[in-house]
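Reader: I'd like to learn how to read a model like this one. Could we go through it together, starting with the core?

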Amino acid sequence: MVSSSAKDRTLIVVESPSKAKTINKYLGKDYMVFASVGHIKDLPKKEIGLDFDNHYEPRYEIIAGKEKVVRQLKKLAGEANDILIATDPDREGEAIAWHIANEVDFKRKPVHRVLFNEITRNAILDAISHPRQIDFRLVRSQQTRQGLDKIVGYKISPFLWNVVLRGLSAGRVQSVALRLICEREVEIEKFQPKEYWAIVADFTTGPGETFSAKLVKIDGEKAEIANRTDAEKTASAIFSRIYGVTDITPKVQQRKPPLPFTTSLLQQAASNQLGFGSKKTMRVAQQLYEGIELGPEEATGLITYMRTDSTRISSEAVEQAGRFITQHYGKEYTGSGQPAKSSKKTQDAHEAIRPTSVSRTPDAMKKFLSSDQYRLYELIWKRFLASRMAPAKVEQTRVDVADHERQFIFRASGSKVLFPGFLKVYNEQKELDYEAQKSTRDNEEKEHMVQLPKQLSVNEKLDLENLEKKQSFTRPPARYTEASLVKELDNYGIGRPSTYATIFSTLQERRYVELQKKKIIPTELGRDVSMILVANFPDIFNVKFTAHMENELDKVAAGKDDYEQVLGSFYRPLEAALSVRKNDPLLPQNRDAETCDKCGKGKMVVKWTTSGKFLGCSRYPSCRNIKPLSSTKVRPRETGIRCPSCNNGRMVLRNGRFGPFLACTNYPQCNTLLKLDKQQKIEPPKTPPLETDLACPKCSAPLYLRTGKRGLWLGCSKFPKCRGRQAWGQLEPAVQHHWQDIMEKHQVRHPDITLQMVDGSPVNMQLTIDEIIAFAEENGLIGAEDREKQEVKA
């Protein structure tokens, strides 16, 4: 809660109320903390807001609804002795600080910038004692990014309206991500699987130990078996031989500890290990950064700032981790030195994501955290601790087995941990292997490790016990997941820590992609939009150019490049391409258009509507020949949730004009609807309103009595046509008691509803709808018929 006066105090401005609450607990009466609740100014919403005749200078205005915040800010700034702006330590935070400073500048008070890389007592006090000036280079970089995005939105989107459908939009980074997704889908569709066979043998040693080995060579060449006939022929020849060990090659390898988390790595690991989407990961990480109540009088940030591409660790955190590892695991487990930089593109402006104190173990913090907070904190804590531990020593042994003529060579590989090192804390081998892979295609067969016999020697005779012939087919490239899409963008140098989380969610909101079984699949609309954008603007919506522009933004932040020059280098070629294509757009869908079968003169070209696309004669309206093609409407998705009203229906996810919602499959017999909130979580079913005989003060219609967070309230039954209200406190006490009694009886007749899955288990209301659907699929709660339909579509 903001105090009414900042007189004779230092005003500290942050952007988040929860951050303000935590910081307030550390500072005395000489300080006052005020939350701006994000940006206070922005480019105009209904126009581009850039002056193209004056060096692309941006024109800002106060965001609608923020007028009161600005008035409070000016009042407090006028009263305060000093003003410190402590918005987030990134380019976005620097821009917010600059806008705030401009609004209070007329007071002629000292305005300084302070940076909180972590929200802890020592970090806050240290930052306050080291204020600095606002870095206009970072502000200019943020303005450049915003300017680039506005240019694309206001120049390309109208092009899509004219060519495809009104209401569509394009994004500088999102459209390139969509291109990657669509091109991967084309690869998958064109892929021709190739059959191949593998032969695996079970060998037994003299003492009776058995192990498996794979056929790797035939007559000195790589074993390539194309079909069943060849496999059976080879197997017959193998059985007629005598086998023995021909080679044992042990090799001791050091496995380096993993890097601490950057934003990209955190989002990927949270997706792979916890099933979190990028937006959810960043939302929970923000909570851990801004402060958690650890008792009645204590609140502290548990992790450092979560938008970073640096793997650097502060010397204090290195020393603290070293002491903790020595104390709990032994000195031999302690690592040394700074971790290597994860990328040449790293800005290194902040530290890596780490716990603010390694002594706050996940188990000790568990009672203060929600389930999601605990799981993410545990992941971050373990990863950081592992990054400061000694390498693991692993002995990998390769054993070759051959027949007496060495016509057939089998190979088995096994590993043994000699010293666990960091694996003692972070033994997520699947995640480490995933991070080590540069490719996101995931279509290569991985080497299988087996348990080798304890005693094995060269020339030792072996008995061939069994032979298994395995048919396989080459796999197409894997569809992107949220994790692999972030990895691909990171590999290309597209996007930055602050933008990763919004890229996929933006594409999903625009209905350009769908998430099915955690795989990203482009919709038909998304594929059409991507195809048209790439055909008409190949030099703008390509990976190399977008990565180049990201590097230019970094140069602006470092003072090595100029705002006007960067915007000009993007705008001029875009404007040139637009001038060519505006009246002569390329539509790849119409490249092979057939002649109209009605008039014989026009071409049957693809046209789009809100409900789908169709073929229509190019001579319209002279010729009105049309043919249906397909619908762009998103098919309802099964959720595995039982209808709370009719009990024999199922709730499916649909899309309406106001966004996604849940509806019963028995509609129109059952018209149950469930809304989703901004985080895509199900809003709990509410008690239906009670109609009263009280008249609306605006239209005289009956008022509805409802329950809200602050108690009972009265609203017009004609809402939204009439927004009339009656203040509950203005009613006579006798009238209040009368309707309170009736409302209590109404609530007994309409008790709170607990949503259930189709198997009777309660719905986890903390999960997003996508997470609920994924859970239902994994646990077989979605009918086999529905799953088959989804698989056919996928």
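Author: Gladly! A nonpolar core is a set of buried Ala, Val, Leu, Ile, Met, Phe, Trp, Tyr and Cys residues joined through side-chain atoms within 4.5 Å; buried means under 20% relative accessible area (1.4 Å probe, protein chains only). Here the largest such core has 64 residues, and F116, F261, I303, L376 and L379 touch the most other members.

Reader: Which element gives the most to this core?

Author: That is α12, with 9 residues. Elements giving two or more residues include β1 (10-14), α8 (263-274) and α12 (371-387); helices (H or I, at least four residues) and strands (E, at least two) are DSSP runs, numbered from the N terminus. A second, separate core of 55 residues includes L168, I520, L533 and Y563.

Reader: What about the model itself?

Author: This is a predicted model, where local features need pLDDT of at least 70, side-chain atom pairs count only at pLDDT 80 or more, and totals for chains, interfaces and linings use all residues. Residues are numbered from 1 along each chain as its sequence is written, and side-chain values use heavy atoms, leaving out hydrogens and water.

Reader: How should I read pLDDT?

Author: pLDDT is the predictor's confidence in each residue, from 0 to 100. The protein chain averages 88, and 95% of the residues score at least 70. Over residues 344-348, however, the pLDDT is below 50, and over residues 787-794 the pLDDT is also below 50. Where pLDDT is low, the predicted coordinates should not be read in detail.

Methods: Buried means under 20% relative accessible area, exposed over 50%, partly exposed in between (1.4 Å probe, protein chains only). Contact means heavy atoms within 4.5 Å.
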